[in-house]
Amino acid sequence: MALQLLWDAALIVASFIMAMFLRLESLTFMGRPAVWVALLVAVIATLLAFRWLGLYRSLVRFITGKILVTVGKGAVVSALALALADLALGAGIPRSVPVITLMFVFLSVGGSRFVARAYFRSPRTVNKRPVIIYGAGEAGLQTLNALFHGREYAPVALVDDDPSIQNMTVGGFNVFPSDQIPALMKETGAQVVLLAIPSMGRVRRREIVGALEDLQLEIKTIPGMSDIISGKAKISELRTVSAEDLLGRDPVAPDPELLSRNITGRVVMVSGAGGSIGSELCRQILSQRPSVLVLYEMSEFALYAIEAELAETSKRLGYETRIEPILGSVQHSRRLEMAIRAFKVQTIYHAAAYKHVPLVEENVVEGIRNNVFGTLAITAAAKKCGVENFILISTDKAVRPTNVMGATKRIAELICQAEAHAPSGTVFSMVRFGNVLGSSGSVIPRFRAQIESGGPVTVTHKDINRYFMTIPEAAQLVIQAGALGQGGDVFVLDMGEPVKIIDLAFSMVKLHGLTPYLVDHPDQFLPEKGDIPVCVTGLRKGEKLYEELLIGNNPAPTTHPRIMTASEVALPSAALSEALDRLFKACEAFDLPTILAMLHELPLEYSPLNTDVSDRLWGAEQGSEALIQASPRP
């Protein structure tokens with residue numbers, strides 16, 4: 001502060017001398033002692049005013065335009081003190097000099113601070129990474145100011161697609177068209193582009209990233225507008241653009257009536273509440289304010305995590321929903337009944353399932369126990385306890401399944417269809433959809449981890465493709481589809497267009513500012529070709545090239561543009577019960593040949609891609625290498 005005091009005192013003296021010289025066009029006044037006494041009074045008064053107004057509490061690096069108000073007030077004090085001292089001492093200072101001094105003090109004291117701020121914020125001075133901001137609107141300006149205060153990035157240029165603001169100045173920077181980014185990179189040395197348009201849709205974001213990804217830039221973004229408005233994120237919280245930002249679509253606005261129909265003021269239970277889909281369902285359900293939300297989960301840590309998150313959200317938003325975490329497996333019929341009766345559950349979303357295809361393919365018996373007989377147990381409990389609505393979360397892998405996981409989910413659908421056609425007060429419906437972005441075990445987190453470890457990124461087949469949907473959109477559509485259910489409905493979500501996985505791998509590498517290249521073997525690294533190798537390793541057990549959402553070809557529209565209903569083959573309740581009894585006995589006996597024969601016998605259209613299906617424990621018991629020849633299809 002002492003340095004600032006000395007500096008400001010020198011500027012005030014220099015301002016007065018300049019004002020007197022301009023007015024008198026002579027320096028003879030400097031020989032009159034009264035003039036210097038008057039100036040000393042003005043300097044002391046001005047410095048005291050600056051200190052009282054808080055000028056010296058401001059860090060120069062972080063000052064804004066508001067500091068000019070403080071400097072202006074101090075300059076007024078300087079002029080008044082000089083005028084009053086002149087009157088008291090008869091120093092002979094012309095009446096216009098205090099006004100001229102005021103202007104010089106304002107310009108010199110204020111201007112010197114902004115010059116110092118520019119120096120301290122210089123990327124060379126603070127060793128910040130230069131960044132080009134894409135978007136010169138309100139969000140771009142806020143981001144610009146936030147980066148000035150940060151320690152990691154320094155803005156060096158603004159670009160925008162709006163011709164009306166191109167070649168104008170925003171926040172002290174000229175606004176360039178986006179096609180100037182390559183030239184700006186060379187001029188400024190920037191290797192980072194920041195997308196500062198929070199309201200940008202996914203389609204436009206894909207177009208921008210597609211135009212930038214070959215420039216070997218690191219592309220970052222600010223949070224979405226919904227997160228900023230809700231307070232979940234700040235505009236200054238930057239993150240790398242992810243595949244999740246580019247895949248999926250711009251969601252359709254949900255129907256509030258459908259979202260609330262089975263939830264608001266009611267008791268809702270979610271099985272598998274700690275999983276990827278289950279946890280997002282819980283978040284969406286909580287926002288609709290049920291009276292009680294029962295979290296049923298077999299993983300202790302997953303249950304702890306989701307219960308803590310929901311409790312904090314509920315407290316922050318002032319919800320009165322009671323959250324009840326229950327540890328338990330859906331295979332435990334009695335515990336399910338006790339939970340449903342204890343809390344008087346009215347709506348159940350059944351998301352609990354083993355879903356990782358290769359793991360279920362090698363743990364067939366447990367996969368069937370959980371996915372099939374867990375569903376049987378919870379549907380029976382729901383029916384017995386008078387639950388009003390039951391919604392099964394199914395998968396596109398249930399359509400003409402080529403793996404055990406898909407077959408188990410199709411049997412789960414058959415169970416719900418059979419229960420729906422039996423007399424009861426429970427409305428059973430099923431919602432079938434494909435991959436969701438960022439779910440546990442999905443391809444995107446695996447690719448990200450492989451890229452961060454230096455590669456290789458492994459893709460199972462050059463032509464494999466998948467549907468993708470964001471978890472929040474999927475959860476919202478599941479809730480709305482469940483509200484449309486009349487009994488026995490198989491709802492199919494519109495997943496958009498499928499994405500080739502190898503294209504996704506290449507895009508993810510480029511989003512990290514790296515260059516991908518194809519190799520023939522995972523151990524092959526060719527630095528002269530690029531940064532991250534991409535290797536095609538071959539399809540895994542049970543994996544097929546593409547996924548389907550419909551068994552038949554007769555989907556019917558619903559009142560929601562992204563929800564269809566399908567008329568699928570069902571099995572009479574008596575026939576299904578007899579088949580499930582035999583399947584259960586085969587699981588109890590650990591009889592894998594019979595289990596596989598049953599999967600072919602049931603109307604699943606089960607057609608495994610491999611001629612061998614494994615169960616590691618069955619194979620260990622047999623003293624083999626855990627492989628058994630699958631029974632031929634009848």
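## Aromatic pairs

At 36% relative accessibility, phenylalanine 584 is classed as partly exposed, whereas phenylalanine 373 is buried at 10% (buried is under 20% relative accessible area, exposed over 50%, partly exposed in between, with a 1.4 Å probe and protein chains only). The ring centres of these two residues lie 5.2 Å apart with planes at 75°, so the pair is edge-to-face. Rings of Phe, Tyr and Trp (its six-membered ring) pair if their centres lie within 6.5 Å; planes under 30 degrees apart are stacked, over 60 edge-to-face, and the rest tilted. Phenylalanine 373 belongs to helix H16 (residues 364-384) and phenylalanine 584 to helix H21 (residues 573-588), 211 residues apart.

Phenylalanine 390 and phenylalanine 428 form a tilted pair, with 5.3 Å between centres and 45° between planes. Both of these residues are buried.

## Basis of the model

The model is predicted: local features need pLDDT of at least 70, side-chain atom pairs count only at pLDDT 80 or more, and totals for chains, interfaces and linings use all residues. Residues are numbered from 1 along each chain as its sequence is written, and side-chain values use heavy atoms, without hydrogens and water.

## Parallel sheet

Three strands form an open, parallel sheet in the order E15-E21-E20. Its edge strands, E15 (457-459) and E20 (516-519), each pair on one side only. Helices (H or I, at least four residues) and strands (E, at least two) are DSSP runs, numbered from the N terminus; two strands pair if DSSP finds at least two bridges between them. Four bridges join E20 to E21 (residues 532-536), and proline 516 stands opposite isoleucine 532 in E21.
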